[in-house]
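Got the viewer open and the chain loaded? Let's take a short walk along it, one selection at a time.

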Amino acid sequence: MQAIITVVGSDKVGIIAEVSALLAKHKVNIVDITQTILSGNFVMMMMVDLSNSDITIDALRDFMNETSKQMHVEINVMAEKVFSAMHRI
């Protein structure tokens with residue numbers, strides 16, 4: 001099971017570290033990652049693999065929602081299949 005995680009918000013120290021630490025805690029593997037700063041806004045997209053994790057995608061979404069509130073950023077978690085279907089031309 002793969003998922004896409006997007007993180008958007010004001011740039012500040014520790015965004016990648018905090019999101020990555022939460023994923024590592026639950027044995028979620030980061031398959032691919034890209035990040036940039038656009039006009040002072042931090043933008044990150046990750047593809048993650050939950051095959052060997054100890055968490056479901058729904059539980060991961062809940063943890064990320066709590067993390068997003070604490071960090072004052074927007075974090076979205078979507079199944080890769082859903083993401084691909086939404087962005088198919």
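Start by selecting Lys27, which is in the loop between α1 (15-25) and β2 (29-38). Those element names are DSSP runs, numbered from the N terminus: helices are H or I with at least four residues, strands are E with at least two. Before you click on, note that this is a predicted model, where local features need pLDDT of at least 70, side-chain atom pairs count only at pLDDT 80 or more, and totals for chains, interfaces and linings use all residues. Residues are numbered from 1 along each chain as its sequence is written, and side-chain values use heavy atoms, leaving out hydrogens and water.

Still on Lys27, check the backbone: phi is positive, about 60°, although the residue is not a glycine. Is Lys27 buried or exposed? Its relative accessibility is 54%, so Lys27 counts as exposed (over 50%; buried is under 20%, partly exposed in between, with a 1.4 Å probe and protein chains only).

Next, select Ser39, in the loop between β2 and β3 (41-49). Here too phi is positive in a residue other than glycine, near 50°. Ser39 is exposed, at 79% relative accessible area.

Now zoom out and colour by secondary structure. You'll get three helices and four strands, running β-α-β-β-α-β-α from the N terminus. Of the chain's 89 residues, 33% count as buried.
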